[in-house]
Amino acid sequence: MHGIRWILTSAWLLIIASLFYDPWTPRFTEADHPWSPLRLPDTCVPVQGVCLSEAPYPLGTTLFWGAVVPAAVLILLLFGHELWRRVCPLSFLSQIPRALGRQRQRTKVNPRTGDRRQQLAKVPDDSWLARHYSHLQFGWLFVGLCGRILFFNADRLVLAGWMLFTIAAAISVGWLYGGKAWCQYFCPMAPVQSVYSTPAGLLGSKAHLSEKPITQSMCRTVLPDGSEQSACVACQQPCIDIDAERMYWTRLSSREFSFERYAYVGLVVGYFLYYYLYAGSWDYYFSGAWLRQSDQLSLLLRPGLFLFGQSLNVPRLVAVPLVLGFFTWLGVRVGRWIERSGRFGRHQIFVLATFLVFNFFFLFSGRPLLLLLPAWVQTLFDAVVVAVSSLWLYRSWERSADLHQRENLASRFRRQLEKLDLDVGRYLDGRQLADLSPHEVYVLAKVLPGFTREKRQQVYKEVVREALQEGYANASSSLEVLSQMRREIGITDEEHSLLLESVGVENPDLLDPDGRRSLEDQIRLSGYKKSLERLMLLKSRQADPEVIRNLRSQYSISPDEEASVLEGLAPSTGALQKLEAMLPRFSELRRARLSLLQRVLEDQPLVRDLLADSLLQRQDLSLRAILSVLAELKEQPEALKLAARLQALRPVNLPVVLAEGDWEQHLSPSVLALLQQEPQGAADEPPAYSLADTLSSLEDLLQERTPLLRAAALFLLAQLDLNRARFLASGLDPAAAPVPLAEMISALQTPTAPVPELQDLPELEMRAHLAASDFFRGTSHASLEQLAAVSELRRFGAGELITETGDTCRELLLLIAGRAAVRYQQAVGVRLEPLLPGQVLDELEVLSHSASENTILAQEEGTRLLAVPVDGFDAVLERDPDFARRVLQLESRHLQSLMQSLHS
Ligand code: SF4
């Protein structure tokens, strides 16, 4: 590619040189040339009613305007901006200062330490230029097109001067600002590139699906071994050179972006129409006479319009900007009017606009040369233009931001899946993972036998981490952004919160709401890290400080960024720091849970366990994260010390977590042995915590995202300190809160009401009983909500019939209070089998949708049941694969014990 760029740049410079001196090509345009198709025609070309007198001319301008410019537009639609930007001579020349290592630097002062460091100057995010660059580029394009008609369509010296001025401007911008600032902020071709090659060129690459770290026309350097390395300094966000489609969807809703497209359509129409309005016929344009009318400057003050056989006394100098300006304005008005009519979305209007302007452009552009070729070539060219643009329209029409996002996430998911080294080949029937659609990837993940819940969480967590690092989502938007993926792979909202928290424990910066992260910054940092690694490798880890300083300034590396990169270079240091942050967090979770398991809450076991189980689940995740980081430390002595600190915290779930994973393959034997030991002085009883500790933990739980946990925390707070609970509830709006929380808030906002009883809060009570029963224990809060929303509480008197033999089982019945019994009719008489609170009645019949085989009776007054309709239950089974798996396990155990009892 480097070679091609040199060739094209040399060809361009040759054209410029020919504009100054070209004694050779005019002979091909002489009227009596025996074979040249470019010889001057002997027909009259009328301009404002008078035949134009023409003389032989050099071909520089004809080639440039007649072939180079149309070819650029064709390349854009066909191959996308990426090919054009990689071969564009101006872009190449703008990088000269970078290649020479001569770019403007700015001094940055660290506000904390007062340290000063040199950094590559970039266009500041909050500058006028950063906010208005698209108008600036369009303005320059407008001036350029007016300039063509007025000054340099055919005046070779002015054209050469314009080109040299542009080259000088590009090189100066390359010195003034880092990155591809010329292309991003100044180049008048940028709006043209955006119009024809976004959302994507017909044959353009898909950066969001790419496995390669260097995508599209991203800035890069070629290393001595021939490989490429990113040289991105994050000069613009979002950057079209990294992922054009991502830039398109990000900017789609902005006013500047729509202005660019609609104004361009108007400008192109106005530009070509002007030739007719000037000359009074199309002959002037299609004969190409305007390419050889080298006395352009002398026409500036001559009449610029010829309408209805009359020239209007408006000088060309005024008429040209007037006509082009009017059509530009009209383009924007029409575009906005179509938008307001609401018949199409903005994306559809954009692609239609591009389709139309592309075809319109090729009705004119290059046509003066094309008309000199045989008719079949012209027909072929037209057919190619229509076919290419129709195909482009078809492909682009169906794209959407949502589809791009789904493909993007599925691609990340696929990459993480590949890292797990699972045997996926036999499910793919000869295809590759990369060939699968997003939906197919998720379906595959669901059926892969080795893709356990832990692995699913691990993969999802890495996707969350990447999304946060690249600024694709932040802590609060990630729930929404990743919702579809969660649905597809069966990760619940609570799991998301827990995994997000665990990502935050490992990289606290990622959850910082004020932190601005982007894909561009991520690429910049990884480019710096790779350069540093290379440098250290070359110099046997003793790189010259001056060279490192240069590298730092080239990539605009701040002290904090440097620290994080150095941490990445020495992973064990990073792992130690992570563990130092993770262990206290684990300890806090443990303390919060134990502070709930105190005597003061003994009379509310249901609600207390609901909260304690949730905290235990979190500890579980935190513990897995700690073990993963311990595994990174391998045999290092610090690993043993940290493992001992973890062991001292007596993680109640450690044996289970160790038994579930393949930790013996990852942890060093000494660390594993230490963790498997019984902690010294382990106590059966939870340590005693004060009432203040319990209250403080409950108040912390009020900050939870899940309404059920907040309602439960408020309920327990009310049991311990009614006034405090009332005070906290007074700041909440029941109308804006989800069901169980709204019910709790309303109960506390009634000033004279006593301490609420669980029975007075049916919504909370149903959820607490569901969560505590064997059948539903461990079910996600989202599924509990779904079940509780369709369930109801029922009360029975002593001896009352609950179900009768032969009844169709339409409900799953959970005994929550009192006593009930199953009545078996046997040969020897009736046998009564007692049922206890927490048990589910007739679940096998409900699951098989069959009729009840027994009669169930309430045994005492006030027996209470929770009825879950079978349809609601089936809906949860379908939605929540974990729940389905658990039910299956539970029922197979139940069946086994039933079979055993029958055989015994
Ligand atoms: S953001 Fe990076 S890749 Fe894009 S133009 Fe700027 S330096 Fe190059």
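## Salt bridges

R767 is buried, at 2% relative accessible area (buried means under 20% relative accessible area, exposed over 50%, partly exposed in between, with a 1.4 Å probe and protein chains only). The side chain of R767 forms a salt bridge with that of E785, at 2.9 Å from N to O (a salt bridge is a side-chain nitrogen of Lys or Arg within 4 Å of a carboxyl oxygen of Asp or Glu). This pair links distant parts of the chain, 18 residues apart: R767 belongs to helix α36 (residues 762-772) and E785 to helix α37 (residues 781-790). Helices (H or I, at least four residues) and strands (E, at least two) are DSSP runs, numbered from the N terminus. E785 is partly exposed, with a relative accessible area of 24%.

The model is predicted: local features need pLDDT of at least 70 and side-chain atom pairs count only at pLDDT 80 or more, while totals for chains, interfaces and linings use all residues. Residues are numbered from 1 along each chain as its sequence is written, and side-chain values use heavy atoms, with hydrogens and water left out.

The whole structure holds 34 salt bridges. Among them is the pair E407 and R399, at 2.8 Å from N to O; both of these residues are buried. R794 and E792 also meet in a salt bridge, at 2.9 Å from N to O. R794 is partly exposed at 26% relative accessibility, and E792 is partly exposed at 41%. A network of salt bridges links R412, R415, E466 and E470.

## Domains and their contact

The protein chain is divided into domain 1 (2-105 + 133-391), domain 2 (421-569), domain 3 (571-701) and domain 4 (781-904); the bounds come from an automatic or database domain assignment. The C-alpha centres of domain 2 and domain 3 are 25 Å apart. Their contact takes 13 residues from domain 2 and 14 residues from domain 3, where contact means heavy atoms within 4.5 Å.

About 1,200 Å² is buried between domain 2 and domain 3, and carbon and sulfur atoms give 60% of this area (buried area is the accessible area, 1.4 Å probe, that two parts lose on being put together, summed over both). Between domain 2 and domain 3 the count of salt bridges is 0. R624 lies in helix α28 (residues 605-633) and counts as buried at 12% relative accessibility. Leaving out residues up to four places away in sequence, R624 touches E454, V657, E660 and W663.

## Strands and sheet

An open sheet is formed by 4 strands in the order β9-β16-β11-β14, with antiparallel pairing. β9 (792-796) and β14 (840-841) are at the edges with a single partner strand each, so one side of each has no neighbour in the sheet. Two strands pair if DSSP finds at least two bridges between them. Strand β11 (residues 811-817) runs antiparallel to strand β16 (residues 863-869), joined by 6 bridges, and E811 stands opposite P869 in β16.

Strands β12 (residues 820-826) and β13 (residues 829-835) pair in the antiparallel sense over 7 bridges. A hairpin of 2 residues joins β12 to β13, and R823 has L832 in β13 as its bridge partner.

## Cysteines

The structure has 1 disulfide (a pair of cysteine sulfur atoms within 2.5 Å). The disulfide joins C44 to C51, with an S to S distance of 1.8 Å. The link of C44 and C51 is left-handed, with -105° about the S-S bond. C44 is partly exposed at 40% relative accessibility, and C51 is partly exposed at 46%. C183 is in no disulfide; the nearest cysteine sulfur, that of C187, is 6.1 Å away. C183 is buried, at 5% relative accessible area.
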